[in-house]
Amino acid sequence: MLTWLAELSPYFSPLNIFRYITFRTGGATATGLLIVFLFGPWMISLLRLRQGKGQPIREDGPQSHLLTKRGTPTMGGLMILAGVLISTLLWANLENHYVWVVLFVTVGFGAIGFYDDYLKVTKQSHKGFSGRSRLAIEALIAAVACIAISYMATPGLANKLALPFSKDLIFNLGWFYIVFAGFVIVGAGNAVNITDGLDGLAIVPVMIAAGTFGFIAYLSGNAVFSNYLQIHFVPGTGELAVICGALIGAGLGFLWFNAPPAQIFMGDTGSLALGGLLGTIAVAAKHEFVLAIVGGLFVLEIMSVIIQVTSFKLTGKRVFKMAPIHHHFEQLGWTEPQVVIRFWIIAVVLALTGLATLKLR
């Protein structure tokens with residue numbers, strides 16, 4: 001909305017600064033942080049009052065969690081989403097269609113997560129929303145977003161899959177690209193959801209990935225930088241850096257309250273929405289495979305669950321002491337802060353590796 005001020009720049013030249021994506025990204029970051037930081041205590045008090053017993057804790061999980069985490073309210077993702085949405089509406093160019101597609105997925109996935117959290121809290125059960133119904137709705141939302149992105153893409157990139165390390169190697173998947181891209185978005189949402197199991201574990205890697213993809217989106221949307229780096233030029237995606245900035249700011253504000261011992265949990269409301277947001281930006285910027293590198297920690301988490309379930313069903317044996325894998329390391333004797341901080345380090349290394357693919361062409 002503030003981009004409209006740039007239209008007055010012929011009359012007052014300092015307003016021209018609102019044309020720059022970098023300035024508006026910084027503004028979105030500061031706004032997101034301020035919103036969550038100021039209204040966080042009020043929302044935590046409200047959720048604690050409404051939820052009573054808070055998020056139900058897994059009985060089969062680490063026993064320490066039953067003592068330290070019981071009674072902590074969930075749905076903290078509402079704080080993050082409020083910061084992201086308000087900041088984006090203030091600082092992003094609302095004439096950019098990519099912005100609305102990303103917000104559509106974010107709100108849609110957030111609504112699914114909210115309903116799931118609501119059922120868990122009211123029933124004091126882990127079952128929540130039916131898994132098949134939930135995945136079906138996620139797939140529908142992702143498919144709509146991917147179709148929209150395909151129509152917005154330039155003819156040379158529509159329905160085409162780009163690979164890292166090469167600019168010329170690109171595959172035309174036709175309408176199957178919608179299936180693939182939808183899988184990326186749904187997979188990203190659920191991978192972040194699986195990761196959200198310890199205080200601060202999910203939000204910091206999400207912010208690291210958001211910073212990385214904000215940079216990638218900005219470069220992909222700039223003809224000069226994309227040509228220099230030999231990456232595909234996708235007009236309009238630079239504006240998505242503003243959304244990434246808003247996410248980083250809101251995430252920092254949330255981390256203030258989610259740092260151990262957490263005053264509030266993100267819940268499916270936040271984790272599904274943020275994962276879907278990252279997946280949609282990766283699809284829009286034509287860096288789907290880079291998301292698997294940058295978000296490698298999320299991939300590791302969801303794969304540990306798939307491997308554990310498959311192994312137990314086929315052989316009756318478990319590969320890990322407990323899944324997701326962060327609980328496995330807890331069972332090995334790592335303290336919760338050790339697991340969280342070491343996983344943050346892994347996330348930073350993977351982000352740097354993902355950025356390296358921009359130059360290795």
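Me: How many disulfides does the structure hold?
Reply: A disulfide is a covalent bond between the sulfur atoms of two cysteines. Here the cut-off is a pair of cysteine sulfur atoms within 2.5 Å, and the structure holds 0 of them. Bear in mind that this is a predicted model, where local features need pLDDT of at least 70, side-chain atom pairs count only at pLDDT 80 or more, and totals for chains, interfaces and linings use all residues. Residues are numbered from 1 along each chain as its sequence is written, and side-chain values use heavy atoms, with hydrogens and water left out.

Me: Are Cys146 and Cys244 buried or exposed?
Reply: Buried means under 20% relative accessible area, exposed means over 50%, and partly exposed is in between (1.4 Å probe, protein chains only). Cys146 is at 0%, so it counts as buried; Cys244, at 1%, is buried too.

Me: Which residues touch the most other members of the largest nonpolar core?
Reply: A nonpolar core is a set of buried Ala, Val, Leu, Ile, Met, Phe, Trp, Tyr and Cys residues joined through side-chain atoms within 4.5 Å. The largest one has 80 residues, and Ile80 and Ile203 touch the most other members. Leaving out residues up to four places away in sequence, Ile80 touches Ile203, Leu247, Ala250, Phe254, Met266 and Leu274, where contact means heavy atoms within 4.5 Å. Another core, of 10 residues, lies apart from it, with Phe320 and Phe343 among them.

Me: Which peptide bonds are cis?
Reply: Most residues other than glycine have a negative phi, and most peptide bonds are trans. In this model, the bond from Pro260 to Pro261 is cis, with omega near -10 degrees, and so is the one from Ala323 to Pro324, with omega near 0 degrees. Pro261 is in the loop between α9 and α10, while Pro324 is in the loop between α12 (296-315) and α13 (325-331). Helices here are DSSP runs of H or I, at least four residues, and strands are runs of E, at least two, numbered from the N terminus.

Me: Where does Met75 lie, and what is its phi?
Reply: Met75 sits in the loop between α2 (63-68) and α3, and its phi is near 70 degrees, a positive value in a residue other than glycine. At 6% relative accessibility, Met75 counts as buried.
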